[in-house]
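Welcome! Let us take a friendly walk through a protein model, one feature at a time.

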Amino acid sequence: MAELGSKGVTAGKIASNVQKKLTRAQEKVLQKLGKADETKDEQFEQCVQNFNKQLTEGTRLQKDLRTYLASVKAMHEASKKLTECLQEVYEPDWPGREETNKIAENNDLLWMDYHQKLVDQALLTMDTYLGQFPDIKSRIAKRGRKLVDYDSARHHYESLQTAKKKDEAKIAKAEEELIKAQKVFEEMNVDLQEELPSLWNSRVGFYVNTFQSIAGLEENFHKEMSKLNQNLNDVLVSLEKQHGSNTFTIKAQPRKKTKLFSRLRRKKSSDNAPTKGNKSPSPPPDGSPAGTPEIKVNHEPEPASLDTPGAAIPKSPSQSSLPAVVVETFPATVNGTVEGSTPPKRSDLPPGFMFKVQAQHDYTATDSDELQLKAGDVVLVIPFENPEEQDEGWLMGVKESDWHQHKELEKCRGVFPENFTERVQ
């Protein structure tokens, strides 16, 4: 019997809830059609708008804070790998190895402490703050349903009172239901009217505390990290002082004369043209050499005959002790023109123009036949009159500004290290 009674109560509740939903739906339809008035509370509606805005802002802040924490964790991992790399390359016999290991350990602990404090003092506080919104949101929705119930009960009571045939019993029951609906609605309404403005005003203090905590934690973290970085810097300075003489410096390609075969050398011996020795320009500021062209040299037992038809004999250098070698040249094309051939003449470009380069670093000339370059200078590259005078890693050219001003190669041209420049055209 108890079980049947329990089922009967449950069935009654279900029927009651279904009837309430039906009544509310009918009431809303009538209100939308303008056939029934609706109780309005503009002040409460403003509170609801503020609540929704506050919830949206809080949800976004929570999301961004979680992203920030994920970034801190990623930075921790990256920093850990970097310090591990330093420990691996730091050789056992170098001074300061123990100090670097201790710095790496403290670095790891500092990142872990920073992340955990952000979680405790910011993220958990954020979660607690947002934890109150779902309950209030549910109560706002319930308050809206109770308002519809109240309006429905009011309209039912008013219709019975205005009916031609009045049924006092029905009127009394409708009045009782109206009073009950009004009481339930007003209790919920009063509570929310007090809570929503208070919640809205609390956002200022919450935002202040949250961002103050984050800023304070980040400030302390960077102070402690700065100390570790300074300690690491001191260790590395000490290492540099003890091993500074072994610093590896990258230099530009030296200027070396290409070796020619003996017959050309003997011919050159009769000439009185001066020659240049090896030169080693200072390295670029960043110490990184550019690629240098590859020159193929074939050693042969005997030189080619001077009487061979079509054989072009370049001028010989002045070095009289060079061994006999044959330089094998290969035609190259630049913008469709075979290198070494005579390109179309243009008044705005020097004869034999091949391509343009731009200086990436300053270069101080060390000889009268060299160009003085400033970073950004554009140089028009031209071929050497005698290709055998070209040193590996050096080019011949004229600065574009000088060419436009003088139009005379003899005054403007000079050699320069290729690895101080970059090709632009």
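What volume does the largest cavity have? The largest cavity has a volume of about 30 Å³.

## About the model

This is a predicted model, in which local features need pLDDT of at least 70 and side-chain atom pairs count only at pLDDT 80 or more, while totals for chains, interfaces and linings use all residues. Residues are numbered from 1 along each chain as its sequence is written, and side-chain values use heavy atoms, with hydrogens and water left out.

## The cavity

A cavity is a set of points, on a 1 Å grid over the protein atoms alone, where a 1.4 Å probe fits but cannot get out; lining residues have an atom within 4 Å of a point. Grid points are joined across faces, edges and corners, and a volume is the space filled by probe spheres set on the points. The count comes to 1 cavity of 30 Å³ or more.

Around the largest cavity you will find T83, L86, T100, I103, A104 and L232. This lining divides into 4 nonpolar, 2 polar and no charged residues (Ala, Val, Leu, Ile, Met, Phe, Trp, Tyr, Cys and Pro count as nonpolar, Asp, Glu, Lys and Arg as charged, and the others, Gly among them, as polar). Helix 2 (42-89) and helix 3 (97-131) each supply at least two of the lining residues, and the largest share, 3 residues, comes from helix 3. Helices here are DSSP runs (H or I, at least four residues), numbered from the N terminus.

## Two helices that bend

Helix 3 has 35 residues and reaches 50 Å from its first C-alpha to its last, close to the 51 Å expected at 1.5 Å a residue (the expected span is 1.5 Å times one less than the number of residues). At V119, helix 3 bends by about 35 degrees; a bend is the angle between axes fitted to the seven residues ending at a residue and the seven starting there.

Helix 5 (residues 168-243) has 76 residues and spans 109 Å from first C-alpha to last, close to the expected 112 Å. Its bend is about 30 degrees, at R203.

N189 lies in helix 5. N189 counts as buried because its relative accessible area is 13% (buried means under 20%, with a 1.4 Å probe and protein chains only). The side chains of N189 and R143 make a polar contact at 2.7 Å.

I136, in helix 4 (residues 133-161), is also buried, with a relative accessible area of 6%. The C-alpha atoms of I136 and L196 are separated by 8.4 Å, although these residues are 60 apart along the chain.

A polar contact is a pair of N or O atoms within 3.5 Å; within protein, one must be able to donate a hydrogen and the other to accept it, and residues adjacent in sequence count only if both atoms are side-chain atoms.

Key: 1 Å grid on protein atoms, 1.4 Å probe; cavity = no way out; pocket = protein on both sides within 12 Å on 5 of 7 lines; lining within 4 Å. Buried < 20%, exposed > 50% of the residue type's maximum accessible area, 1.4 Å probe, protein only.
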